[in-house]
Amino acid sequence: NPADAQGANDIALGDGCFTSGTGNSIMIGAAGQASDGSIAIGNSSVAIDTSIALHDAARATGSRSVSIGRATDVSGEQAIGISGEGGTVSGQFAVGVGSGISITGQQSGGFGYQTAANASGAFAIGNQVNAQKANTVSIQELEVQTVGGGIILYSPNGTEYKVTVSDAGALVVA
């Protein structure tokens, strides 16, 4: 099956692969597709609408999206997915890094193995963390490594407070 470079300035290399659309696309690998200024490298990879897909069965189908990793599927507009295998990023302006990720919320993200962020603005950090609350970072545990360091919080009137711990283990709010 010959490769088919259909648009102006297109490159198609691989058994049965093709380019289509407005041109300036690159497809390298068997049975894949690149269109409208996209780059797809890997067998059965697909990149459309000025996107990039790198690895076998990687899919970058959201406008201006990037998919890196075997069978990683990025369909969100301007989204990025980097996965060892089998990650999904479908939220618009979302980012996910890690094998088995599932990032579906808009402007959401996650880092870690089998991490999910499904609410708008949610961000998950760590293995098997599932961020379901909008505009919130979800983690398993938090460690502040600076001696005397703490967490800064703001009251409803905008006053800043820092929560730390004393040498006796008591919480201190200042």
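A residue is called buried here when its relative accessible area is under 20%, exposed when that area is over 50%, and partly exposed in between, using a 1.4 Å probe and protein chains only. The model is predicted, so local features need a pLDDT of at least 70 and side-chain atom pairs count only at pLDDT 80 or more, while totals for chains, interfaces and linings use all residues. Residues are numbered from 1 along each chain as its sequence is written, and side-chain values use heavy atoms, with hydrogens and water left out.

We turn to the overall fold. The protein has 23 strands and 0 helices, where strands (E, at least two residues) and helices (H or I, at least four) are DSSP runs numbered from the N terminus. The radius of gyration is 21 Å, well over the 16 Å that the globule rule gives for 174 residues, so the protein is more spread out than a compact globule. That radius is taken over C-alpha atoms, and the rule is 2.2 Å times the number of residues to the power 0.38. Along the principal axes, the C-alpha atoms fill a box of roughly 75 × 30 × 25 Å.

Of the 174 residues, 33% count as buried.

Ser25 is found in the loop between strand 3 (18-20) and strand 4 (26-28), and at 0% relative accessibility Ser25 counts as buried. Leaving aside residues up to four places away in sequence, Ser25 touches Asn9, Asp10, Ile11, Thr19, Ser20, Ala34, Ser35, Asp36, Gly37 and Ser38. From C-alpha to C-alpha, Ser25 and Asp36 are 6.2 Å apart in space, and they are 11 residues apart in sequence.

Aromatic rings give a further point of interest. A search of the whole structure finds 1 aromatic pair. The ring centres of Phe111 and Phe123 are 5.3 Å apart and their planes lie at 50°, so the pair is tilted. The pair links distant parts of the chain, with Phe111 in strand 16 (residues 109-111) and Phe123 in strand 18 (residues 123-125), 12 residues apart. For such pairs, rings of Phe, Tyr and Trp (its six-membered ring) have centres within 6.5 Å; planes under 30 degrees apart count as stacked, over 60 as edge-to-face and the rest as tilted. Phe111 counts as partly exposed at 38% relative accessibility, and Phe123 counts as partly exposed at 22%.

Conventions: Contact = heavy atoms within 4.5 Å.
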